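Visitor: I would like to know what stands behind the words used for this model. Let us take them one at a time.
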Amino acid sequence: MANLPHSAAPRTMFDKVWDRHVIVARDEGPSLIYIDRDIIHEGSFHAFADMKRRGYSVRRPRQMFGTPDHYVPTTGREIGDAATAEIARMIRQFDENMDWGGIRSFRLRDPRQGIVHVVGPEQGITLPGLTIVCSDSHTSTHGALGAIAFGIGQSENMHVMATQTLWQARPKTMRISVSGTLARGVHAKDVILAIIGKIGAGGAGGHAIEYAGPAVRAMSIEQRLTICNMSIEAAARCGMVAPDDTTFQYLHGRPFAPSGEEWDRAVAQWRALPTDDGARFDTEVALEGHAIAPMVTWGTSPEDTAPITGHVPDPAGAPDAGRRESTAKALNYMGLTPGTPLADVAIDRVFIGSCTNSRLEDLRAAAEVLRGRKAVVPAMVVPGSTSVKRAAEAEGLDRVFREAGFEWRESGCSMCAAMNGDFVKPQERCASTSNRNFIGRQGPNARTHLMSPAMAAAAAVTGRLTDVRRLLN
Amino acid sequence: MTPFVKMTALAAPIPGRNLDTDQIIPARFLKFDRSGGYGQFLFHDLRFTPEGQERPEFILNREPYRHAKVLVTEENFGCGSSREGAVYALCDHGVRGVIGPSFGDIFYNNALKNGLVPVRLPEDIVASLRETLMATPGAEVEIDLEARIVRLPDGSSHELEIDPFWRECIMKGLDEIELTWSYMEDIRRFEDAYLKDIPWINR
Ligand code: SF4
């Protein structure tokens, strides 16, 4: 059963990668699929505890990688910099588990350390055609290089570490095509927020998404990573973009990518991955790229989006009673009045970071807005990895941020999930480049508005939600 | 995992569309070892004030709902973070079944692995069930995994749609890894051929 016959029917990219990994297909229910890579962070400790309790060992440590991110301090690189003793214990426990499993890891002081979803692509660990898991929902990020990548829980994580496989039901497929080109000041984050606003937080439930169309093809890998990152916010199992020359150029020479003769073999395989002409998707969605404006969220779900030129919605205008209630509840939590122009909403703080928007291009886009300007509210930048931080410093971006009054921190998840001691205070309103505006996500009673790095920089210098296009010359 | 065959139990409606796992268990509790139990963290910030007092308006703080073993939720319950802590919190609090129109994908999988039965029913049926439960405190719901049926307080029965593979695991209290071991030979055979094609992933 290992080699399923290749049917002549046109297949989607998802189908090709999936079929290649099926070890056991049962008549009904989940298939046993091979998992190429599992990436580990501090939160994976439950899976290790379970492994030890059951007497299992890590079956293929060479296919695993670890890096601490959720709990790491951003003020320094010593375990002693951790905000509390308990947080320090999480980082130490991570190191112990990596030693126990014989797993290669990029620890706190390693120049390769960073957020799991930034480090994977950056190191060439993430490659086209692979199946990649991590006990983190934003694992969908890695699909930007043409991999099937999805978040798993700790039970599944243990299963992967012990067997290098997983029982998975095959999801349905959805293609989201973005036509045309994006306007100036409009970034990948705006595109994905517009998509989630259109299809809803449950809109891609049970589906694997393929992002396609000219606007996506024209994107850099870093932009594609931003798009795929938030697939989970539309409830998708995973998000993918077909590998192309942009992908190959990005990967060439990365530390864990194939090299020499193997590189040529790999590229030949990868070229066969894109969806065949005529392949059918279970669901198709289309958006016009040029019609997308810079977006912000106003509520407590990533589907609560509006163009910055819009207004805080009125619950009375919601399509049904359920939505009326959820909108009213969200506005109450957010402390917003229906009908207020979004560009009038004053903010208290800015966070630029997270696996959605903390890569070099993100920092460049924010710095472009900040050059020669000053933040009027507290603001900080947390690079997605130590490599990103160093690359940004090499081109002087840290100076731009510092001169604008931003704090320039060490890399990690930081204020995205508020697990390391960096958090937004109760009732404070934060312009954030992260991916979740959930109740309490950035700290108890914190209010989050999601947006692109350029928009967050614009908010920092005006102290309110701001159309970045006004600040670009 | 405790086997689950069937159960008749008190149910509580939990309001909120897209109720994410950050709300089921806030991130700050994820540091803790499971051995101390996760039940106390369930819906923590919805259940308790910052001072640690119960919020009387939250349904699981009210009689008889605080004893509920089945929760009836709105769409996309358990979306967001993959934290299995959300399922630990439900299980350790004594919840054995969750009925809703749809669930976050990872949450759904995590539930199956812990013997928490997730039941998807059509939206209108779930909505009216939530109303019934509010109007008749103490009403019970039957989840019968063996017969693949859910019986509601109004006497109606509905098919419990669940993958036969997971149904068997939950009914026997079996961990799927036991089954996977029996396929180890297939896995090795697959791997030998596969890694010849893609040797670079194993360096
Ligand atoms: S940056 Fe935020 S979303 Fe990304 S892995 Fe870290 S906590 Fe999760």
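Guide: Start with N110(B), which is found in helix α4 of chain B. The model is predicted.

Visitor: Why is N110(B) called buried?

Guide: Its relative accessible area is 1%. Buried means under 20%. N110(B) is under that cut-off, so it counts as buried.

Visitor: What is N110(B) in contact with, leaving aside neighbours within four places in sequence?

Guide: On chain A, G153(A), Q154(A) and E156(A). On chain B, S82(B), R83(B), E84(B) and V87(B).

Visitor: What about F41(B): buried or exposed?

Guide: Buried, because its relative accessibility is 8% and the cut-off is 20%. F41(B) sits in the loop between α1 and α2 (44-47) of chain B. Residues up to four places away aside, F41(B) touches I24(B), I25(B), P26(B), F29(B), F32(B) and R47(B).

Visitor: Why is helix α1 of chain A described as largely enclosed by the rest of the structure?

Guide: Because 8 of its 9 residues are buried. Those are M13(A), F14(A), D15(A), K16(A), V17(A), W18(A), D19(A) and H21(A).

Visitor: How do you know that K16(A) forms a salt bridge with D276(A)?

Guide: The closest N and O atoms are 2.7 Å apart. The definition asks for a Lys or Arg side-chain nitrogen within 4 Å of an Asp or Glu carboxyl oxygen. The pair meets it, so it counts as a salt bridge. K16(A) lies in helix α1 of chain A and D276(A) in the loop between α10 (261-271) and β12 (283-288), so the bridge ties together parts that are 260 residues apart in sequence.

Visitor: Why do K16(A) and D276(A) fall into separate accessibility classes?

Guide: K16(A) has a relative accessible area of 11%, under the 20% limit for buried. D276(A) has 28%. Partly exposed runs between that limit and the 50% above which a residue is exposed, so D276(A) is partly exposed.

Visitor: What makes D22(B) and R441(A) a pair that joins two chains?

Guide: D22(B) lies in helix α1 of chain B, and R441(A) in the loop between β18 (429-432) and β19 (447-450) of chain A, so the pair joins two chains. Their closest N and O atoms are 3.1 Å apart, which is within the 4 Å cut-off. D22(B) is buried at 5% relative accessibility, and R441(A) is buried at 6%.

Visitor: Why is the pair R120(B) and E161(B) called a salt bridge?

Guide: The N to O distance is 3.7 Å. The limit is 4 Å, so the pair qualifies. The bridge links R120(B) in strand β4 (residues 117-120) with E161(B) in the loop between β7 (157-159) and α6 of chain B, 41 residues apart. R120(B) is partly exposed at 31%. E161(B) is partly exposed at 47%.

Visitor: Which helix gives the most to the side of chain B that touches chain A?

Guide: α8(B), with 10 residues.

Visitor: How many residues of the two chains are in contact, and what area is buried between them?

Guide: 56 residues of chain B are in contact with 72 residues of chain A. The buried area is about 5500 Å², and carbon and sulfur atoms give 53% of it. K31(B), F190(B) and W200(B) supply 15% of the area that chain B buries against chain A, more than any other three residues.

Visitor: Which residues have the most contacts inside the largest nonpolar core?

Guide: Y211(A), V350(A), F401(A), F406(A), F43(B), L71(B) and I99(B). This core has 206 residues. Apart from it lies another core of 14 residues, among them I40(A), F94(A), M98(A) and I177(B).

How values were computed
Residues numbered from 1 in each chain as written. Chains lettered and ligands numbered in written order. Predicted model: local features only at pLDDT ≥ 70, side-chain atom pairs only at ≥ 80, totals over all residues. Heavy atoms only, no water. Buried < 20%, exposed > 50% of the residue type's maximum accessible area, 1.4 Å probe, protein only. Helix = DSSP H or I, 4+ residues; strand = E, 2+ residues; numbered from the N terminus. Core = buried A, V, L, I, M, F, W, Y, C linked by side-chain atoms within 4.5 Å. Contact = heavy atoms within 4.5 Å. Buried area = accessible area lost by both parts, 1.4 Å probe.
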